[in-house]
Amino acid sequence: MTLNQKINRVAIWGVAVALICIVPTVMAQGPAGPDDAAAKQAAQLPNAVPATEADEAEQDNSIMGMVLNSGATGVVFMGVMILFSLAGVTVGLERAVSTQRSRILPDAFMAELKVMLNRTDAAADDLRKLCEGVTSPVAKILQAGLLRCGRPVTEVEKSMEDAASREMAAIRGGIKPLSVVGSVAPLVGLLGTVLGMIIAFRTASQEGLGRGELMAQGIYLALLTTAAGLTIAIPCLLLAALYNARVERYFREIDESLMESMPCFARMEQSK
């Protein structure tokens, strides 16, 4: 199983576990009970001791504190977002290495190939030796053409085009998880927004609009999950676009470089 397949499975299982946990959590979550309301009313009495500056300073305004204060549903949603962010970071780093120029279009190989193609006595065996031990896409594309060596140039060119399409599809397949995370993360955030608004309006229907503090938790959850989804999606989509543009640029260079090999294949065809 490849790394991308493992990441996709982790993301799918994370979403499934989240959906299983969210519904019971939302059903169990309700407005503050009588004891909580009584405690708040007691705190508003004239003889109540006001909160000190030290108590206010103890309030946790960090990101982790915001997540914990959003309730059990918010914690579940943030767990899913963490899974998405880990998947995005892992794929982003792996693709940053895999789409480097040295992996797709190695300079040493291209320099030797250019020198060899400029020779009038270049043979197919020389090109095969050059490709031995090289795993870059440009070498695999050239090997596909060498398999049709001696056949009409149109067949050689078609074989190389097919190999280039396969290599590009394989590289883009590794970039696809970034696009998936970038598309699904906002939807999960939107789901959190909808559930948060459901909690807020359910609280309003049971406690009345005068108890706005009880609605705050649902609205808070709605805004927090939306922000988290967009925060994850935007970098993932930008990285996916960047890597796709990089791959297309490298394969255009490969096409331009290997077009110079067509006269060599034509000479090989005539020598047969």
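Leaving aside neighbours within four places in sequence, which residues is Glu 253 in contact with? Arg 101 and Leu 105 are the ones, where contact means heavy atoms within 4.5 Å.

## What you're looking at

This is a predicted model, in which local features need pLDDT of at least 70 and side-chain atom pairs count only at pLDDT 80 or more, while totals for chains, interfaces and linings use all residues. Residues are numbered from 1 along each chain as its sequence is written, and side-chain values use heavy atoms, with hydrogens and water left out.

The pLDDT (the predictor's confidence in each residue, from 0 to 100) averages 76 over the protein, and 68% of the residues score at least 70.

## Overall build

The protein comes to 12 helices and zero strands. Both kinds of element are DSSP runs numbered from the N terminus, with helices being H or I of at least four residues and strands E of at least two. Take the contacts between residues at least 6 apart in sequence, and 79% of them join residues at least 24 apart.

Of the 272 residues, 37% are buried. Buried here means under 20% relative accessible area, exposed means over 50%, and partly exposed is in between (1.4 Å probe, protein chains only). The accessible surface is about 15700 Å², and 62% of that belongs to carbon and sulfur atoms; the areas come from the Shrake-Rupley method with a 1.4 Å probe, and for residues only the protein chains shown count as cover.

The largest nonpolar core has 53 residues, and Phe 109, Leu 113 and Leu 142 have the most contacts inside it. Such a core is a set of buried Ala, Val, Leu, Ile, Met, Phe, Trp, Tyr and Cys residues joined through side-chain atoms within 4.5 Å. Helix 11 gives the largest share, 12 residues. Among the other helices that each supply at least two residues are helix 5, helix 7 and helix 10 (153-207).

Helix 7 (residues 107-117) has Phe 109, Met 110, Leu 113, Met 116 and Leu 117 buried. Seen down the axis, these buried residues fall within an arc of 125 degrees, so they line one face of the helix; the arc is that of the directions from the helix axis to the C-beta atoms. Asp 107, Ala 108, Lys 114 and Val 115 are exposed on the other side. As for Phe 109, beyond four places in sequence its contacts include Leu 130, Val 134, Val 138 and Leu 142.

Arg 95 sits in helix 5 (residues 71-98). With a relative accessible area of 8%, Arg 95 is buried. Not counting residues up to four places away in sequence, Arg 95 touches Ile 171, Gly 174, Ile 175 and Tyr 243.

Back to Glu 253, which is in helix 11. Glu 253 is partly exposed, at 24% relative accessible area. From Glu 253 to Val 138 is 115 residues in sequence but 9.7 Å in space, C-alpha to C-alpha.

## Cysteines

There are zero disulfides in the structure, a disulfide being a pair of cysteine sulfur atoms within 2.5 Å. For Cys 149, the nearest cysteine sulfur belongs to Cys 264 and is 7.7 Å away. Cys 149 counts as buried at 16% relative accessibility, and Cys 236 is buried at 7%.
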